[in-house]
Amino acid sequence: MSSLFELQARFAAALRDDTAAAGFGDAILAAGIDAADRLAVYRNNWQVNATQALALAFPAIERLTGRGFFAPFVREFLGAHPSRSGDLRALGGPFPDFVARRFSGTPHEYLGDVAALEWAWQEALVAHDAAPLAADRIAAVPAGEVPALRFRAHPGTRLVSSPWPVFTIWRHNRFAEDDGALIQLDRGAEQVLIHRSGPGTMARLCEPADYRFLAALYAGRSLAEAYDRASATASTFDVGLALRQAVTDGVFCALEPDGTD
Amino acid sequence: MAAAALAGIGLRAGHVEELLERKPPIGWLEVHSENYFVAGGALRAQLERVRADYPLSLHGVGLSLGGSDPLDAAHVASLATLVRRCEPLFVSEHLAWGSHDGGHFNDLLPLPYTAEALAHMVNRVDALQESLGRTVLIENISSYLQFNCSSIPEWEFLAELAGRTGCGLLLDVNNVYVNSRNHGFDPLRFIEALPADAIREIHLAGHSTQHVAGQDLLVDTHDAPVCEAVWELFAATTRRFGARHTLVEWDASLPALDVLLGEADRALAIQAAHHVVAV
């Protein structure tokens, strides 16, 4: 084992565990400030950088839990899920599940779904660009083949469903729409569509039938299957309207070749 | 190139829209490479707009060049994609490590300055330059400790690295100052020891002072104006090397864009007053 490797292993261990810092003292020139204090500067940088990166990706979670809670919570998260990338953006991947587990069975159980929505938004923001499916591609399909159509979701499309009013909570806290209104957690479930509009990313609430329709198409089911599911949710479901809206929103980027395309 | 084109600013998210709106007369811009490791979306589109109006350089902070894990091929591939897309003025990284055994600290950790670490950095810089098909610049970092095993002065380590790999150097004058205060050496000695033809870019930034165990420890926080002592060292650097592309960085507690542009103007004025021969 090289001495560089060994030194870095010991440095890393001393950063992760401050009780290991004293044992690293022999490697560092004391010069008036002891090793533990010098390492503390680096430990602080590491934790502050991670906290800022997660606050940027999960601003609603930071705001809802409060900064005093959020920073130590991130330290706990780093212990369980060390960063695996030199790109700090990747740090947030396991965070929604960590939030969900932490608040499971508490009055703040909804926070897991808020975090999932925030991460879906982050993923959509940086997803591949693609030209949205043009409406005339569907219009060109012979009527008899339309029910069998399957669609390829745009890389920037995400769907999030929650038993809590997750969109309302997120919007108020993400975009600081702080009108002083209290959000009643028992106001019911919300389903959210995140979609691209040009390079920009948008999000909107969906009616339950509309959401089932989109979720079925997103999962690769045919238009007929998606319609059946949506109709079972709301008998008044208007498939033409829902499909036109989805195409206008750029939810899809292509017809799947095993359909009629 | 005229000295007037040599001052730039680090472009941060909070300034992008204003900059694109106003298009101030600044010579060039630098972004953190990893911030644009994105497949698509508004960030990518925004970078295209910036690049259409300004020369751009890419400054990496996360590659862990000095780390003993294998060089992260995915990270290098993302950087290579970005380089192809941006055709940057410079591509730079740090004389530092940031990860071990797959775990990243997302920070610039200091290397021991030993023959072994130098040989390692030489291999890594060679590999990076080979992968990107171009010369990269390596930046000196601020550090808050020194290793007992270090046997080569930092400036010699940098000069040797440039000599053996052909890489350029990104001389961060603030980091030289911070280290000179933290580790007790004459910053001019550092500057004097570097090979002039390797210096391609200069960084300036603000730092903060922490009081630890009754002593001052300077920390490279990039959250304040460039201090007077660093401006003086920059003037000495300009006398020594001539005018080089010089960048003002500000990352935390981001001020108004005009404050940053004012710092860049001051860098330009010092270049104009002190450079003898623009190289």
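User: At roughly what angle do the axes of helix H6 (residues 111–126) and helix H8 (residues 166–174) of chain A cross?

Analyst: In this predicted model, local features need pLDDT of at least 70, side-chain atom pairs count only at pLDDT 80 or more, and totals for chains, interfaces and linings use all residues. Residues are numbered from 1 along each chain as its sequence is written, with chains lettered from A and ligands numbered from 1 in the order in which they are written. The axes of H6(A) and H8(A), being lines fitted to C-alpha atoms over the stretch in contact, with angles running from 0 to 180 degrees between N-to-C directions, come within 10 Å, and they cross at roughly 65°.

User: Which residues of H8(A) make the contact with H6(A)?

Analyst: Contact requires that C-beta atoms, placed from the backbone, lie within 7 Å. On the H6(A) side the contact is made by Asp113(A), Val114(A), Leu117(A) and Glu118(A), and on the H8(A) side by Val166(A), Ile169(A) and Trp170(A).

User: How many of the 11 residues of helix H6 (residues 173–183) of chain B are buried?

Analyst: A residue is buried if 20 or more other C-beta atoms, placed from the backbone, lie within 10 Å of its own. Among the residues of H6(B) that are buried are Val173(B), Tyr177(B) and Asn182(B), and what covers the buried residues includes helix H5 (154–165) and strand E8 (168–172) of chain B. The helix is mostly covered, the number of its buried residues being 8.

User: Which residue just after H6(B) takes a positive phi?

Analyst: The phi in question is about 70°, and the residue that takes it, just after H6(B), is Gly184(B).

Conventions: Buried ≥ 20, exposed ≤ 12 C-beta atoms within 10 Å, placed from the backbone. Helix = DSSP H or I, 4+ residues; strand = E, 2+ residues; numbered from the N terminus. Contact = placed C-beta atoms within 7 Å.
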